[in-house]
Protein chains: 2
Amino acid sequence: MRTAGIEAPTARYRQVANDLREAIARGQFSPGDALPSQPELAGIYRLNQTSISRAIAILAAEGLVRTEHGRGTYVQDIPAAKHTRRIPPPASGSSFADEMRNAGIEPRTELVQAETADPPAAVAQRLHLRAAEQVLISKWLIFADARPIQVSASYIPLSIARSADLALPDTEPTAIHQQLAKNGYHVSRFVEEVECRRPTVDEAALLRISEGQPVLDVVRLALDQAGRTLEMTINVFPGQMWLLRYEWPADG
Amino acid sequence: MRTAGIEAPTARYRQVANDLREAIARGQFSPGDALPSQPELAGIYRLNQTSISRAIAILAAEGLVRTEHGRGTYVQDIPAAKHTRRIPPPASGSSFADEMRNAGIEPRTELVQAETADPPAAVAQRLHLRAAEQVLISKWLIFADARPIQVSASYIPLSIARSADLALPDTEPTAIHQQLAKNGYHVSRFVEEVECRRPTVDEAALLRISEGQPVLDVVRLALDQAGRTLEMTINVFPGQMWLLRYEWPADG
DNA sequence: TAGTGGTCTAGACCACTGC
DNA sequence: CAGTGGTCTAGACCACTAA
C-alpha cells in the first residue's frame, strides 16, 4: 500500500486535473469561485476543449468542483470537519442539533413527504408486514446551514402507528420513539446495517453532490422485546461529510 | 426521491452504456467474458471509438466491467450476496472464516507486511504515542476464493507488544487479543469509526476494483479499562461487497 | 445574443499485450 | 507483429444560462 509519489501521469488531461487540484488546494480558487471557462483553460494549457472537459470531469467526480451547464464550473465547499454520528448517542441531553449549534452551524430539517402508503418491497420485507399492510412514511431532508447533509426516510407499520396515535409525524424524528413508548411500544434494541455505494441520480441532486461521490446508506431497525420491528429508518449521508462512530463493550 | 423512469438520455455514449449494462444484466455477457473490442462496438453502434470509450468508462466506474490495457474489457463478477460483518460478533465459536466455509467460500488471509516501524502520523495521533515510539505493524489481504475482499492493517504500540511477547504477529489477527489478554492487557471496549470514500489507486489495485467504486474505511480502536489504546486496526472493504451490521440495546 | 459546459466526429498516434 | 484500450486533435454543433 505505498503511495503513488510524484510519478508524472503521462496523460495530459490528468496533468491538468492534478494542476487544477493543487491550485484549489493552494487556495488559488476559493469555494464558490468559478474556474476559468473551458475555452480559456484550453488556451492556458494549449490543449483542446475536449481534454479540458475530461480533466474537469475528474475533479467533478472527486467532488472538488461542480459543473453547471451553461453557467460555469464552481469550486465546491468541502467542510474541514466531518459531522460525527455517535452510537450509542452521547449520554445526557445534548441532541445532535444542539451539538451543531455549539459548533456554530445552524441545523434545519425539512419535511419532504408524509403520508400513509404501500411500502416499497424492500421495506415491506424487512418489516415483516402482513400482506398489503400499509405504512406511515415520512421523509426528511436535513441541512447544516444551507447545505443538505442527510436524507432520511422513516417507515412505521400502520397497525403500530394507529394505536400509538401517530397520525402525521410532522414532528421531529426523535419525538417518535417517545410517542411510541407512551403507548406501550418500547424499543428494546436497535440494528443498523451500513452500506456504501454510489448515489442514485435523485440522491445526488438532493444532496448536491456529484454522482462519483459515494454515500453511506444506513438502515436502522427499532425492535421491541418480542422482536417486532416498530420502525425502519433509511438514512443516506454524503460519504465525504460524515463519520459514523460506534462504541461497545468487549465481551459480555 | 422519484426514480428517473425511462427517459432516454440524449447523449449517445450514455445510451450505449445503458444498452451494454442491460446486455450484461440479461446475461448476454457473463462474468469473465470479454466485451467486443472498442472498434467492433464502434461499428455495431455506428459511433466512433472515442464515444465507445466513454461509454465503457461509465460501466467501469460502476464496477460492472474492468478494462485491461492491451487486452480487452471484461465483465466483472459481482457476487449476489454481500459479506456481512456483525458487531458484536455472533455468540459462540463460529468465526467469520467458518461462516464463509459454510457458505461454500474458501477464505484465505495473506500477510502483506509485518515489521516494527514508525507509525504514520494519523496512527500515532490516535494511539497517543510517546514521541518517536514505534509500533508493530502488520498488514493483511483477505480473500474469498480468489477474490480480495478486505485490506487490514494493525498497529500496536511497541511498549505493549514487547511486554505481551508479540514479536512477529504472523498469527491470524484474531489471536492477537487473546495473546494480549494473557499478558494482562484486557480490552474493555471497542470504538469503530466508519467512513466511506473513493479508494486510493493502491487500494483499487489491491482490491481489484475501479477507482469509481467506493470503499468502506473502518478504524477500530481496542481500549483497556484505563482508556489506553492497545491496538488500532484500519480495515478497508470494497463497498459493493460488504454490509456492516451493528446491534445494541436501547437505553442503558 | 453571447458565453458557458456537453457532445460528437474522423482520424491519428501511443502504450500495452500476447502471439 | 496485429489487436487491444488510451489519448489527443481541430473543429463543429447542441443545450443551457443570463443579460
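Guide: In H3(B), the buried residues are Ile52(B), Ala55(B), Ile56(B) and Leu59(B); buried means that 20 or more other C-beta atoms, placed from the backbone, lie within 10 Å of a residue's own. Viewed down the axis of H3(B), these buried residues fall within an arc of 95°, so they line one face of the helix; the arc is that of the directions from the helix axis to the C-beta atoms.

This is a predicted model, in which local features need pLDDT of at least 70, side-chain atom pairs count only at pLDDT 80 or more, and totals for chains, interfaces and linings use all residues. Residues are numbered from 1 along each chain as its sequence is written, with chains lettered from A and ligands numbered from 1 in the order in which they are written.

Helix H3 of chain B covers residues 49–61, 13 residues in total. Helices (H or I, at least four residues) and strands (E, at least two) are DSSP runs, numbered from the N terminus. From first C-alpha to last, H3(B) reaches 18 Å, close to the 18 Å expected at 1.5 Å a residue; the expected span is 1.5 Å times one less than the number of residues. Gly63(B) follows H3(B) and has a positive phi, near 85°.

The cover over the buried residues of H3(B) includes, from chain B, helices H1 (12–25) and H2 (38–45) and strands E1 (65–68) and E2 (72–75); contact means C-beta atoms within 7 Å.

H3 of chain B is also among the elements that give two or more residues to the surface near DNA strand C, where near means a C-beta atom within 6 Å.

Note on methods
Buried ≥ 20, exposed ≤ 12 C-beta atoms within 10 Å, placed from the backbone. Contact = placed C-beta atoms within 7 Å.
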